[in-house]
Amino acid sequence: MSTENTNQSSVVERRNFLGLIILGICILASSFLIAGAYKYKFKSRQTIRVTGSAEKDFTSDLIAWNGSYNRTNFDLKAAYAQLKQDETNVRNYLTKKGIAPGQIIFSSIKIDKIFKSNYNEETKSTTSEFQGYNLTQNVKVESNDIVKVESLSREITELIETGIELNSPEPLYFYTKLADLKLDLLAKAAEDARKRAETIAKNTGGSLGKVIKANMGIFQITGKNSNEDFSYGGAFNTSSKNKTASITVNLECEVK
(Lines give C-alpha, C1' and ligand atoms only; values in the text may rest on other atoms or scores of the structure.)
Protein backbone atom coordinates (compact mmCIF):
# COMPACT_ATOMS: atom_id res chain seq x y z
CA MET A 1 0.00 0.00 0.00
CA SER A 2 1.37 3.38 -0.94
CA THR A 3 2.07 6.19 1.50
CA GLU A 4 -0.56 8.35 -0.20
CA ASN A 5 -3.29 5.78 0.38
CA THR A 6 -2.22 5.37 3.99
CA ASN A 7 -2.51 9.12 4.59
CA GLN A 8 -5.96 9.25 3.01
CA SER A 9 -7.14 6.38 5.20
CA SER A 10 -5.90 8.17 8.33
CA VAL A 11 -7.74 11.34 7.35
CA VAL A 12 -10.99 9.42 6.88
CA GLU A 13 -10.60 7.69 10.24
CA ARG A 14 -9.95 11.01 11.98
CA ARG A 15 -13.02 12.54 10.33
CA ASN A 16 -15.18 9.60 11.37
CA PHE A 17 -13.86 9.80 14.93
CA LEU A 18 -14.53 13.54 15.05
CA GLY A 19 -18.06 12.98 13.71
CA LEU A 20 -18.71 10.45 16.47
CA ILE A 21 -17.52 12.93 19.10
CA ILE A 22 -19.79 15.69 17.70
CA LEU A 23 -22.73 13.27 17.56
CA GLY A 24 -22.13 12.29 21.17
CA ILE A 25 -22.00 15.91 22.25
CA CYS A 26 -25.30 16.63 20.42
CA ILE A 27 -26.98 13.63 22.04
CA LEU A 28 -25.73 14.71 25.48
CA ALA A 29 -26.90 18.29 24.95
CA SER A 30 -30.30 17.08 23.76
CA SER A 31 -30.61 14.93 26.86
CA PHE A 32 -29.97 17.95 29.09
CA LEU A 33 -32.50 20.01 27.14
CA ILE A 34 -35.16 17.30 27.37
CA ALA A 35 -34.50 16.80 31.06
CA GLY A 36 -34.72 20.55 31.65
CA ALA A 37 -37.95 20.80 29.70
CA TYR A 38 -39.45 17.87 31.59
CA LYS A 39 -38.40 19.41 34.88
CA TYR A 40 -39.98 22.74 33.89
CA LYS A 41 -43.13 20.99 32.75
CA PHE A 42 -43.29 19.04 35.97
CA LYS A 43 -42.88 22.18 38.03
CA SER A 44 -45.61 24.00 36.09
CA ARG A 45 -48.10 21.34 37.10
CA GLN A 46 -47.75 22.13 40.80
CA THR A 47 -50.98 24.11 41.14
CA ILE A 48 -53.99 24.35 43.42
CA ARG A 49 -57.54 24.69 42.17
CA VAL A 50 -60.13 26.02 44.60
CA THR A 51 -63.63 27.48 44.57
CA GLY A 52 -64.51 30.50 46.68
CA SER A 53 -68.02 31.69 47.43
CA ALA A 54 -69.90 34.66 48.82
CA GLU A 55 -73.53 35.52 49.48
CA LYS A 56 -75.59 38.46 50.65
CA ASP A 57 -79.20 39.06 51.69
CA PHE A 58 -81.00 42.05 50.21
CA THR A 59 -84.48 43.51 49.74
CA SER A 60 -86.00 44.27 46.35
CA ASP A 61 -86.47 47.94 45.47
CA LEU A 62 -88.74 47.58 42.41
CA ILE A 63 -92.10 45.87 42.05
CA ALA A 64 -93.96 45.01 38.85
CA TRP A 65 -97.66 44.13 38.76
CA ASN A 66 -99.26 42.77 35.61
CA GLY A 67 -102.92 42.33 34.75
CA SER A 68 -104.94 41.42 31.67
CA TYR A 69 -108.59 41.79 30.68
CA ASN A 70 -110.60 40.77 27.65
CA ARG A 71 -113.91 41.20 25.84
CA THR A 72 -115.69 38.82 23.47
CA ASN A 73 -118.29 39.85 20.90
CA PHE A 74 -119.51 38.86 17.43
CA ASP A 75 -119.12 42.49 16.43
CA LEU A 76 -115.47 43.54 16.32
CA LYS A 77 -116.23 47.26 16.74
CA ALA A 78 -118.43 46.56 19.75
CA ALA A 79 -115.75 44.40 21.39
CA TYR A 80 -113.14 47.11 20.76
CA ALA A 81 -115.37 49.82 22.27
CA GLN A 82 -115.96 47.68 25.38
CA LEU A 83 -112.24 47.03 25.81
CA LYS A 84 -111.36 50.73 25.44
CA GLN A 85 -113.92 51.54 28.13
CA ASP A 86 -112.30 48.90 30.36
CA GLU A 87 -108.93 50.56 29.75
CA THR A 88 -110.35 53.90 30.90
CA ASN A 89 -111.86 52.32 34.01
CA VAL A 90 -108.62 50.49 34.86
CA ARG A 91 -106.57 53.67 34.42
CA ASN A 92 -108.95 55.67 36.64
CA TYR A 93 -108.91 52.94 39.29
CA LEU A 94 -105.12 52.78 39.41
CA THR A 95 -104.82 56.56 39.56
CA LYS A 96 -107.25 56.72 42.49
CA LYS A 97 -105.07 54.13 44.24
CA GLY A 98 -102.12 56.54 44.04
CA ILE A 99 -100.35 55.11 41.02
CA ALA A 100 -98.71 57.83 38.91
CA PRO A 101 -99.75 57.90 35.21
CA GLY A 102 -96.11 57.37 34.16
CA GLN A 103 -96.03 54.07 36.06
CA ILE A 104 -99.01 52.63 34.15
CA ILE A 105 -98.28 50.90 30.83
CA PHE A 106 -100.99 49.53 28.53
CA SER A 107 -100.12 47.10 25.77
CA SER A 108 -101.55 47.02 22.28
CA ILE A 109 -104.80 45.11 21.84
CA LYS A 110 -104.57 41.50 20.71
CA ILE A 111 -107.43 40.27 18.48
CA ASP A 112 -108.28 36.57 18.07
CA LYS A 113 -111.06 34.94 16.11
CA ILE A 114 -112.92 32.22 18.01
CA PHE A 115 -114.08 29.09 16.20
CA LYS A 116 -115.98 26.05 17.40
CA SER A 117 -115.29 22.69 15.75
CA ASN A 118 -118.31 20.53 14.91
CA TYR A 119 -117.90 16.90 13.96
CA ASN A 120 -120.48 15.28 11.63
CA GLU A 121 -120.96 11.58 12.37
CA GLU A 122 -122.67 10.92 9.02
CA THR A 123 -120.10 12.54 6.74
CA LYS A 124 -117.18 11.95 9.12
CA SER A 125 -116.10 15.53 8.56
CA THR A 126 -115.36 18.50 10.78
CA THR A 127 -116.62 22.02 10.23
CA SER A 128 -115.70 25.26 11.97
CA GLU A 129 -118.30 27.65 13.30
CA PHE A 130 -117.36 31.30 13.96
CA GLN A 131 -118.05 32.26 17.60
CA GLY A 132 -116.92 35.87 17.60
CA TYR A 133 -113.88 38.01 18.37
CA ASN A 134 -111.83 37.90 21.56
CA LEU A 135 -109.88 41.07 22.35
CA THR A 136 -107.21 41.10 25.09
CA GLN A 137 -105.14 43.91 26.59
CA ASN A 138 -102.43 43.86 29.25
CA VAL A 139 -101.68 46.52 31.84
CA LYS A 140 -98.46 46.82 33.82
CA VAL A 141 -97.47 48.88 36.85
CA GLU A 142 -93.82 49.40 37.83
CA SER A 143 -92.98 51.29 41.00
CA ASN A 144 -90.42 51.67 43.77
CA ASP A 145 -93.29 51.98 46.25
CA ILE A 146 -93.50 48.28 46.99
CA VAL A 147 -96.01 48.55 49.84
CA LYS A 148 -98.48 50.52 47.71
CA VAL A 149 -98.37 48.14 44.74
CA GLU A 150 -98.59 45.09 47.02
CA SER A 151 -101.77 46.53 48.49
CA LEU A 152 -103.07 47.25 45.00
CA SER A 153 -102.46 43.65 43.86
CA ARG A 154 -104.56 42.38 46.77
CA GLU A 155 -107.42 44.82 46.19
CA ILE A 156 -107.55 44.57 42.40
CA THR A 157 -110.53 42.21 42.61
CA GLU A 158 -112.61 45.36 43.12
CA LEU A 159 -112.34 45.87 39.36
CA ILE A 160 -113.88 42.44 38.73
CA GLU A 161 -116.97 43.60 40.63
CA THR A 162 -117.39 46.41 38.07
CA GLY A 163 -117.69 43.87 35.25
CA ILE A 164 -114.11 43.85 34.04
CA GLU A 165 -112.81 40.33 33.42
CA LEU A 166 -109.40 40.89 34.99
CA ASN A 167 -106.69 38.29 35.43
CA SER A 168 -104.07 39.30 38.02
CA PRO A 169 -101.10 37.06 38.97
CA GLU A 170 -98.76 37.72 41.90
CA PRO A 171 -96.46 40.76 41.55
CA LEU A 172 -92.79 40.37 40.61
CA TYR A 173 -89.86 41.80 42.60
CA PHE A 174 -86.59 43.15 41.19
CA TYR A 175 -83.44 44.95 42.36
CA THR A 176 -82.12 47.95 40.40
CA LYS A 177 -78.60 47.86 41.90
CA LEU A 178 -77.85 44.29 40.88
CA ALA A 179 -74.66 45.17 38.96
CA ASP A 180 -73.07 46.78 42.04
CA LEU A 181 -74.15 43.84 44.21
CA LYS A 182 -72.60 41.39 41.76
CA LEU A 183 -69.25 43.22 41.75
CA ASP A 184 -69.16 43.28 45.54
CA LEU A 185 -69.85 39.55 45.73
CA LEU A 186 -67.21 38.81 43.09
CA ALA A 187 -64.55 40.55 45.17
CA LYS A 188 -65.57 38.68 48.32
CA ALA A 189 -65.72 35.30 46.54
CA ALA A 190 -62.26 35.86 45.01
CA GLU A 191 -60.86 36.74 48.45
CA ASP A 192 -62.46 33.61 49.90
CA ALA A 193 -60.90 31.48 47.13
CA ARG A 194 -57.47 32.99 47.76
CA LYS A 195 -57.67 32.23 51.49
CA ARG A 196 -58.66 28.63 50.78
CA ALA A 197 -55.71 28.21 48.41
CA GLU A 198 -53.28 29.72 50.95
CA THR A 199 -54.54 27.35 53.66
CA ILE A 200 -54.07 24.30 51.42
CA ALA A 201 -50.58 25.37 50.34
CA LYS A 202 -49.48 26.11 53.90
CA ASN A 203 -50.73 22.81 55.27
CA THR A 204 -48.98 20.84 52.52
CA GLY A 205 -45.60 22.43 53.16
CA GLY A 206 -45.61 24.96 50.34
CA SER A 207 -46.47 28.58 49.72
CA LEU A 208 -48.88 30.16 47.28
CA GLY A 209 -47.52 31.67 44.08
CA LYS A 210 -49.15 33.74 41.36
CA VAL A 211 -52.68 33.24 40.08
CA ILE A 212 -52.75 31.26 36.83
CA LYS A 213 -56.45 31.37 36.07
CA ALA A 214 -59.58 32.89 37.64
CA ASN A 215 -63.13 32.36 36.42
CA MET A 216 -66.50 33.50 37.68
CA GLY A 217 -68.76 30.60 38.54
CA ILE A 218 -72.53 30.59 39.00
CA PHE A 219 -74.39 33.74 40.05
CA GLN A 220 -77.79 33.04 41.59
CA ILE A 221 -80.64 34.89 43.27
CA THR A 222 -83.01 32.87 45.43
CA GLY A 223 -85.71 33.73 47.93
CA LYS A 224 -84.34 34.39 51.40
CA ASN A 225 -84.58 31.33 53.69
CA SER A 226 -86.17 29.36 50.85
CA ASN A 227 -85.48 25.81 49.72
CA GLU A 228 -85.13 26.72 46.06
CA ASP A 229 -82.93 24.43 44.01
CA PHE A 230 -79.70 25.84 42.63
CA SER A 231 -79.49 25.44 38.87
CA TYR A 232 -76.46 24.99 36.62
CA GLY A 233 -77.31 28.11 34.64
CA GLY A 234 -78.10 30.21 37.72
CA ALA A 235 -81.50 30.88 39.31
CA PHE A 236 -83.12 34.32 39.24
CA ASN A 237 -85.95 34.61 41.73
CA THR A 238 -88.63 37.24 41.02
CA SER A 239 -91.40 36.01 43.32
CA SER A 240 -89.80 36.94 46.69
CA LYS A 241 -89.34 40.46 48.00
CA ASN A 242 -86.47 39.41 50.29
CA LYS A 243 -83.75 37.58 48.42
CA THR A 244 -80.27 36.06 48.77
CA ALA A 245 -77.61 36.55 46.09
CA SER A 246 -74.69 34.12 45.85
CA ILE A 247 -71.72 33.71 43.55
CA THR A 248 -68.69 31.44 43.14
CA VAL A 249 -65.18 32.08 41.80
CA ASN A 250 -62.87 29.33 40.50
CA LEU A 251 -59.17 30.00 41.13
CA GLU A 252 -56.01 28.19 40.01
CA CYS A 253 -52.71 29.20 41.64
CA GLU A 254 -49.08 28.09 41.55
CA VAL A 255 -47.51 26.36 44.53
CA LYS A 256 -43.90 27.23 45.36
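**Figure 1. Overview of the predicted chain.** This is a predicted model, in which local features need pLDDT of at least 70, side-chain atom pairs count only at pLDDT 80 or more, and totals for chains, interfaces and linings use all residues. Residues are numbered from 1 along each chain as its sequence is written, and side-chain values use heavy atoms, with hydrogens and water left out. The chain has five helices and nine strands. Helices (H or I, at least four residues) and strands (E, at least two) are DSSP runs, numbered from the N terminus. Along the sequence the pattern reads α-β-β-α-β-β-β-α-α-β-β-α-β-β. Of the 256 residues, 27% are buried. Buried means under 20% relative accessible area, exposed over 50%, and partly exposed in between (1.4 Å probe, protein chains only). The accessible surface of the chain is about 17100 Å². Carbon and sulfur atoms account for 53% of this surface. Areas come from the Shrake-Rupley method with a 1.4 Å probe; for residues, only the protein chains shown count as cover. Among contacts between residues at least 6 apart in sequence, 76% join residues at least 24 apart. A contact means heavy atoms within 4.5 Å.

**Figure 2. Confidence along the chain.** pLDDT is the predictor's confidence in each residue, from 0 to 100. The chain averages 85, and 80% of the residues score at least 70. Among the elements, helix α1 (residues 3-44) has the lowest mean pLDDT, 54. Strand β7 has the highest, 97. Over residues 38-44, pLDDT stays under 50. The model has zero contacts beyond four places in sequence for residues 38-44.

**Figure 3. Surroundings of Gln-137.** Gln-137 lies in strand β5. The residue counts as buried, because its relative accessibility is 3%. Leaving aside neighbours within four places in sequence, Gln-137 is in contact with residues including Gly-67, Tyr-69, Leu-83, Phe-106 and Ile-109.

**Figure 4. The largest nonpolar core.** This core has 23 residues. A nonpolar core is a set of buried Ala, Val, Leu, Ile, Met, Phe, Trp, Tyr and Cys residues joined through side-chain atoms within 4.5 Å. Tyr-69, Val-90, Leu-94, Val-139 and Ile-156 have the most contacts inside it. At least two core residues come from each of β2 (62-73), α2 (76-96), β3 (104-106), β5 (125-143) and α3 (146-155). Helix α2 gives the most, with five. Val-90 touches Tyr-69, Phe-106, Val-139, Leu-159 and Ile-164, not counting residues up to four places away in sequence. Apart from this core lies another, of 11 residues, among them Leu-178, Ile-221, Ile-247 and Val-249.

**Figure 5. Aromatic pairs.** The structure holds four aromatic pairs. Rings of Phe, Tyr and Trp (its six-membered ring) pair if their centres lie within 6.5 Å; planes under 30 degrees apart count as stacked, over 60 as edge-to-face and the rest as tilted. The Phe-58 and Tyr-175 rings are 4.8 Å apart at their centres with planes at 45 degrees, so this pair is tilted. Phe-58 sits in strand β1 (residues 47-59), and Tyr-175 in the loop between β7 (172-174) and α5 (178-203), 117 residues apart. Phe-58 is buried, at 9% relative accessibility. Tyr-175, at 24%, is partly exposed. Phe-130 and Tyr-133 pair edge-to-face, with 5.2 Å between centres and 70 degrees between planes. Phe-130 is partly exposed, at 30%, whereas Tyr-133 is buried, at 19%. Ring pairs link Phe-74, Phe-115, Phe-130 and Tyr-133 into a cluster.

**Figure 6. Ala-54 in strand β1.** Ala-54 is placed in strand β1. Its relative accessible area is 12%, so the residue is buried. Ala-54 and Ala-189 are 135 residues apart in sequence, yet 4.8 Å apart in space, C-alpha to C-alpha. Not counting residues up to four places away in sequence, Ala-54 touches Leu-185, Lys-188, Ala-189, Ala-245, Ser-246 and Ile-247.
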